[in-house]
Amino acid sequence: MQDVCFTYGDEAHPALAGVSMAIEPGEIVLLTGRSGSGKTTLIRALAGLVPHFHGGRFGGRVDVGGLDTRLTRPSELAGTVATLFQDPEDQVVFGGVAAEVAFGIENAGVPAEEIESRVCRALDEVGAVHLLERKVAELSGGELQRVTLASTFALRPSLLLLDEPTAQLDPEAAAALLRLVRRLARERGTAVVLSEQRVARALDVCDRVIVLERGGVVIDEPRERARRWFQGARPACLALARTTQARYVGGDTLCRLDAVDFAYASGPPVLAASSLELRRGEIVALTGPNGSGKSTLAKLAAGLLEPLRGTAWRSGRASYLSQDPGRYLARERCDEEVELGARGDSGAAARALEAVGLSGYEARHPRDLSSGERERLALAAVLATEPDVLVLDEPTRGVDPEARQRLAALLRRQAGQRATLLVTHDLELVEAVADCSVTLEAAGELLAA
């Protein structure tokens with residue numbers, strides 16, 4: 001990349017401002033920075049999607065595998081570059097897992113007799129071979145992320161672009177993915193750009209770190225020099241501090257699930273005889289591996305689903321922050337989006353936006369925000385409803401470390417107003433804010449901790 005600048009549509013400020021960098025075969029580059037700093041735009045530029053797919057004003061030059069992206073369409077780069085997008089839901093084409101993973105390599109001209117083995121190998125590499133015969137619509141968020149990862153790996157590209165690849169993975173799967181990325185770089189010579197907000201775990205596998213701020217490069221340093229920079233300049237990137245607000249002291253029960261069973265349509269059982277109680281003033285963390293039924297249990301607690309057997313009871317208003325809130329944005333301005341939940345109360349909307357660090361964003365279009373900013377906007381819309389039961393499904397997905405710290409402090413500060421169920425793979429967040437943790441095993445069994 002040589003002096004690359006890019007501005008979306010009618011935006012006043014550039015998403016990339018004079019970025020220059022080079023990536024060698026077999027090198028793993030960790031790309032990080034606050035939400036809205038330009039990480040996703042940089043990845044789009046390396047894939048040729050900027051400027052061909054995302055409209056705007058482009059300057060500078062990007063060469064990938066000797067091809068000038070200004071003159072080469074993204075489809076022509078497909079055999080050289082493979083991209084995992086930030087929202088895997090937007091990347092899926094087919095209804096079945098096997099067909100989805102096969103799609104890219106079929107289009108890349110892989111001989112028919114090799115496709116099945118490539119599909120199985122890619123799924124096995126990401127720990128998802130057991131999903132081969134599943135329908136995409138039946139997968140959890142984490143399972144879907146594994147499938148889209150397999151689709152990307154199956155292409156065996158020279159340049160692999162991963163935008164928040166561990167955001168929805170359980171800790172074991174995230175660690176396995178990073179080990180796999182390291183192996184691909186070392187054994188195949190694959191160059192990797194890894195965009196991550198969970199800096200601490202990604203530092204162990206990368207060779208070099210690039211930090212963006214307002215579209216420009218803040219640092220471009222080898223791993224250990226970058227680690228020292230984070231320790232001094234942005235310590236929250238390496239560890240989430242435990243909040244100091246008062247802990248739970250007891251309150252009335254606001255939600256109770258008693259021996260609930262659930263299954264989707266004609267699918268297998270997701271939950272079996274699961275029980276959970278939420279009390280005012282309490283933050284309960286719900287953890288467990290991908291596909292264990294955490295989101296299903298959360299929707300039962302919020303009243304979005306009804307159990308097949310057992311009872312679900314709640315008192316007062318329940319509000320739910322979904323795992324992919326960007327799919328549900330409905331208004332043209334951020335303040336209008338939050339006012340939906342606040343019944344048109346502009347004052348309540350303004351307070352909610354301030355609470356999540358989005359004051360000044362009132363007139364912005366929600367679709368113009370970064371993924372982490374959209375996550376915070378959706379949280380503001382949920383908080384504005386003033387719920388008695390608050391259910392948050394992966395609220396730190398795509399959120400930068402400083403914003404995670406603010407979220408932790410906010411949840412503790414407001415804990416006494418409600419009962420909170422926190423569904424997450426973010427174990428640092430659990431340690432920082434939760435009064436207790438409940439693990440949902442693969443068989444739907446709840447284990448209290």
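Predicted model: local features only at pLDDT ≥ 70, side-chain atom pairs only at ≥ 80, totals over all residues.
## Helix pairs

Two packed helices are described by the angle between their axes and the distance between the axes.

| Helix pair | Axis angle | Axis distance |
|---|---|---|
| α4 (residues 97–107) and α5 (residues 112–125) | roughly 115° | within 9 Å |
| α11 (residues 334–341) and α12 (residues 346–355) | roughly 110° | within 8 Å |

### α4 and α5

Helices α4 and α5 are roughly perpendicular to each other, because angles of 65 to 115 degrees fall in that class. Their crossing is right-handed. From α4, the residues V97, A98, V101, A102, I105 and E106 take part in the contact, and they meet I115, R118, V119, A122 and L123 of α5. Sorted by class, this contact holds nine nonpolar and two charged residues, with no polar ones.

Just after the end of α4, the backbone at G109 adopts a positive phi of about 80°.

### α6 and α7

On the α6 side the contact is made by R146, L149 and F153, and on the α7 side by A173, L177, L180, V181, L184 and R188. Seven of these residues are nonpolar and two are charged, while none is polar.

### α11 and α12

The axes of α11 and α12 come within 8 Å and cross at roughly 110°. This angle makes α11 roughly perpendicular to α12. The crossing of the two helices is right-handed. D335, V338 and E339 of α11 form one side of the contact, and S346, A349, A352 and L353 of α12 form the other. The class count here is four nonpolar, one polar and two charged residues.

## Buried loop residues

### H425

H425 lies in the loop that joins β18 (419–423) to α15 (427–433). With a relative accessibility of 7%, H425 counts as buried, because the class requires a value under 20%. Its side chain makes a polar contact with the side chain of N290, at 3.1 Å. When neighbours within four places in sequence are set aside, the residues in contact with H425 are Q168, L169, D170, P171, G288, P289, N290, K294 and E394.

### S292

S292 is placed in the loop between β14 (283–287) and α10 (294–302). Its relative accessible area is 1%, so S292 is buried. The side chain of S292 reaches the backbone oxygen of L440, at 3.3 Å.

Terms used: Residues numbered from 1 in each chain as written. Heavy atoms only, no water. Helix = DSSP H or I, 4+ residues; strand = E, 2+ residues; numbered from the N terminus. Buried < 20%, exposed > 50% of the residue type's maximum accessible area, 1.4 Å probe, protein only. Polar contact = N/O pair within 3.5 Å; in protein donor to acceptor, adjacent residues only side chain to side chain. Contact = heavy atoms within 4.5 Å. Axes fitted to C-alpha atoms, helices over the stretch in contact; angles between N-to-C directions. Parallel < 35°, antiparallel > 145°, perpendicular 65-115°, else oblique. Left-handed = near helix turned anticlockwise from the far one by under 90°. Nonpolar A, V, L, I, M, F, W, Y, C, P; charged D, E, K, R; others polar.
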